[in-house]
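Dear colleague,

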Amino acid sequence: MLCQENTIHYCSWACVVCGVLHLLRQMTTHTPYGRYVDTKSPGMMVPAKTGWFIQELPSFLVPVLLYLTTESLPGIGRHLLLWTFCLHYFQRTFVFSLLTKGRPSPLHIVVSAVVFCSVNGFLQGHHMLHCTQYHSGWHRDTRFITGVLMFFTGMAINIHSDYILRNLRKPGEVSYKIPRGGMFELVSGANFFGEIVEWCGYAVACWSFPAFSFALFTICSIGPRAYHHHRYYLERFKDYPKSRKAVIPFLL
């Protein structure tokens with residue numbers, strides 16, 4: 001399959017622009033997601049497990065289909081794609097979605113996520129399989145090693161933080177509690193911090209504009225959520241640890 005350079009270029013810039021616009025929007029309002037969903041509002045709601053599965057699936061399925069049905073460039077690019085990007089979305093689609101205890105999501109949020117994940121799945125998959133070429137020693141490059149270490153560290157933090165959140169409440173409990181343990185001792189949005197580290201690591205390991213544009217979108221998208229969660233905890237719990245930051249340990 002020939003590299004669609006213009007498509008890659010425009011999709012990457014669209015990711016950057018959409019990320020910045022989403023950041024600006026979240027500075028003034030909450031995205032109706034998770035605890036900020038009004039389940040009594042009009043409009044169709046999608047159960048949490050179903051919504052997460054549907055919206056995350058394209059990010060796994062599109063690159064895998066490209067890998068299986070098109071001729072890709074030889075080298076480390078396709079392996080990097082499979083063992084970072086696709087591995088993350090395999091976990092989010094087939095593991096996280098089955099375990100989550102979250103609230104239902106509005107249908108329009110799920111549809112928006114499906115559209116983004118489909119486009120981004122093609123962007124990352126097509127670029128890594130058909131466009132980028134790494135030299136034979138890339139796996140020994142400092143950027144690759146650093147990025148991969150960051151990716152798996154972030155993934156471990158993300159999965160462990162999700163585990164803590166799932167087990168905060170006993171069956172039948174509905175009130176929120178202060179998360180403790182792991183990276184939650186340093187930041188309120190430990191799961192978000194882990195995912196940000198993941199995609200920044202992915203960007204460093206890939207060293208490409210599409211990967212960096214996705215990392216930026218992730219920061220703009222979930223960074224403000226961590227900030228809103230942090231303010232929620234501070235306002236709700238008088239004994240909330242004042243030393244915790246929102247998303248970046250010791251800084252922000």
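Cys3 is partly exposed, because its relative accessibility is 27% (buried means under 20% relative accessible area, exposed over 50%, and partly exposed in between, with a 1.4 Å probe and protein chains only). Please bear in mind that this is a predicted model, in which local features need pLDDT of at least 70 and side-chain atom pairs count only at pLDDT 80 or more, while totals for chains, interfaces and linings use all residues. Residues are numbered from 1 along each chain as its sequence is written, and side-chain values use heavy atoms, with hydrogens and water left out.

Cys3 forms a disulfide with Cys131, the two sulfur atoms lying 2.1 Å apart, where a disulfide is a pair of cysteine sulfur atoms within 2.5 Å; the count by this rule is one. The torsion about the S-S bond of Cys3 and Cys131 is about 100°, so this disulfide is right-handed.

Cys11, by contrast, is in no disulfide, and its nearest cysteine sulfur, that of Cys15, is 8.9 Å away; with 22% relative accessibility, Cys11 counts as partly exposed. For Cys220, the closest cysteine sulfur is also in Cys15, at 9.2 Å, which is too far for a bond, and Cys220 is buried, with a relative accessible area of 5%.

Turning to the surface, Leu98 counts as exposed, because its relative accessibility is 59%.
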